[in-house]
Amino acid sequence: MPLDLAHAARSHHRPGLLRRIGLMFGVARQRHALKQLDERLLDDIGLLPDEARAEAARPVWDVPRTWLR
């Protein structure tokens, strides 16, 4: 019985870990794309170039807490 519980505990954590890794890849892609936008496109989404550069420079694990639920 303890072996089954250990297996259940490990498999329970995997989806959370995989989800967070996927989230980090998504954040990296979004921030890379943000760096590529010109001033006209940044203006369309309501960002100043300095704001876009600051957001793009943040590490991939620096996301709002609500994204981690």
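Guide: Buried here means under 20% relative accessible area, exposed means over 50%, and partly exposed lies in between, with a 1.4 Å probe and protein chains only. By that rule, 12% of the 69 residues of the protein chain count as buried. This is a predicted model, in which local features need pLDDT of at least 70 and side-chain atom pairs count only at pLDDT 80 or more, while totals for chains, interfaces and linings use all residues. Residues are numbered from 1 along each chain as its sequence is written, and side-chain values use heavy atoms, with hydrogens and water left out.

The protein chain has three helices and zero strands, where helices are DSSP runs of H or I with at least four residues, strands are runs of E with at least two, and both are numbered from the N terminus. The residue to look at is Arg 31, which sits in helix H1, spanning residues 2-36. Because its relative accessibility is 6%, Arg 31 counts as buried.

Two polar contacts can be described for its side chain, a polar contact being a pair of N or O atoms within 3.5 Å; within protein, one atom must be able to donate a hydrogen and the other to accept it, and residues adjacent in sequence count only if both atoms are side-chain atoms. The side chain of Arg 31 reaches the backbone oxygen of Pro 59 at 2.6 Å, and a polar atom of that side chain lies 2.8 Å from the backbone oxygen of Asp 62. If contact is taken as heavy atoms within 4.5 Å, then Arg 31 touches Glu 55, Ala 56, Arg 58, Pro 59, Val 60, Asp 62 and Val 63, leaving aside residues up to four places away in sequence.

Ala 33 counts as partly exposed because its relative accessibility is 38%.

Trp 61 lies in the segment after helix H3 (49-57), and at 65% relative accessibility Trp 61 counts as exposed.

For the chain as a whole, residues 24 or more positions apart account for 66% of the contacts with a separation of 6 or more.
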